[in-house]
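Here is a friendly briefing on aromatic rings, charges and surface in one model. Have a look at the structure first, and then we can walk through it together.

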Amino acid sequence: MIAQLARTRNDQILHDTGLPYPQFVLLLHFCHDPEREWTVSGLARAFQRKQPGITKTVRQLVDGGFLRTRPDEMDARVKHLKVTARGIRARDAAMARLAPAFADDFQNWKRSEVAEFHQLVERLKNHLDEQRDDGAVA
């Protein structure tokens with residue numbers, strides 16, 4: 001329920017930015033380590049999604065100049081993807097629009113409650129990540 005409500009609100013906030021929420025999420029992933037290159041298959045594993053859906057979103061980000069591609073030296077079918085400066089700026093602009101909504105969500109919480117919440121969410125994320133079945137989605 002929380003994920004759906006947050007996604008719907010984020011979609012609304014990002015609606016007129018030219019960066020739909022699925023593209024924003026993928027761009028955010030790239031921006032965690034801007035020097036890292038990814039392949040579509042690596043992204044599909046990381047997001048536990050099928051390759052066609054990831055390929056479509058990647059193509060939109062490449063077409064928008066948010067990602068660049070580099071062919072693999074050993075296998076021409078493989079493309080290495082990396083975030084561009086334009087992609088980082090787009091992520092920053094999207095975050096600037098989203099941040100106030102997130103701040104409002106926690107304005108009535110005590111600092112200790114926010115800290116505990118972050119700790120518990122991190123714990124849940126780590127648990128879910130450890131339970132991931134890499135073979136479930138190809």
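A charge sits over a ring if NZ of Lys or CZ of Arg is within 6 Å of the ring centre and within 35 degrees of the ring normal. With that in hand, R9 lies over the face of F102, at 5.8 Å from the ring centre. This is a predicted model, where local features need pLDDT of at least 70 and side-chain atom pairs count only at pLDDT 80 or more, while totals for chains, interfaces and linings use all residues. Residues are numbered from 1 along each chain as its sequence is written, and side-chain values use heavy atoms, with hydrogens and water left out.

**Charge over a ring**

- R36 also places its charged end over a ring, that of W38, at 3.7 Å from the centre.

**Aromatic pairs**

- Rings of Phe, Tyr and Trp (its six-membered ring) pair if their centres lie within 6.5 Å; planes under 30 degrees apart are stacked, over 60 edge-to-face, and the rest tilted.
- The count by this rule is 4 aromatic pairs.
- One of them is the tilted pair of Y21 and F24, with 6.2 Å centre to centre and 35 degrees between the planes.
- Y21 and F24 are about one helical turn apart because they are 3 residues apart in helix α2; helices are DSSP runs (H or I, at least four residues), numbered from the N terminus.
- Y21 and F24 are both buried, where buried means under 20% relative accessible area, exposed over 50%, and partly exposed in between (1.4 Å probe, protein chains only).
- W109 and F117 make an edge-to-face pair, 5.4 Å centre to centre with 75 degrees between the planes.
- Ring pairs join F106, W109 and F117 in a cluster.

**Nonpolar surface**

- W109, F117 and V121 make a nonpolar surface patch of about 260 Å².
- Patches take residues with over 30% relative accessible area and no salt bridge, joining nonpolar side chains (Val, Leu, Ile, Met, Phe, Trp, Tyr) within 5 Å and like charges within 9 Å.
- Areas come from the Shrake-Rupley method with a 1.4 Å probe, and a salt bridge is a side-chain nitrogen of Lys or Arg within 4 Å of a carboxyl oxygen of Asp or Glu.
- W109 counts as partly exposed because its relative accessibility is 37%, and F117 because its value is 34%.
- V121, in helix α6 (residues 111-130), is partly exposed at 41%.

**Around H29**

- H29 is found in helix α2 (residues 21-31) and is partly exposed, at 21% relative accessibility.
- Beyond neighbours within four places in sequence, H29 is in contact (heavy atoms within 4.5 Å) with W38, L43, A46 and F47.

Definitions and conventions. Helix = DSSP H or I, 4+ residues; strand = E, 2+ residues; numbered from the N terminus.
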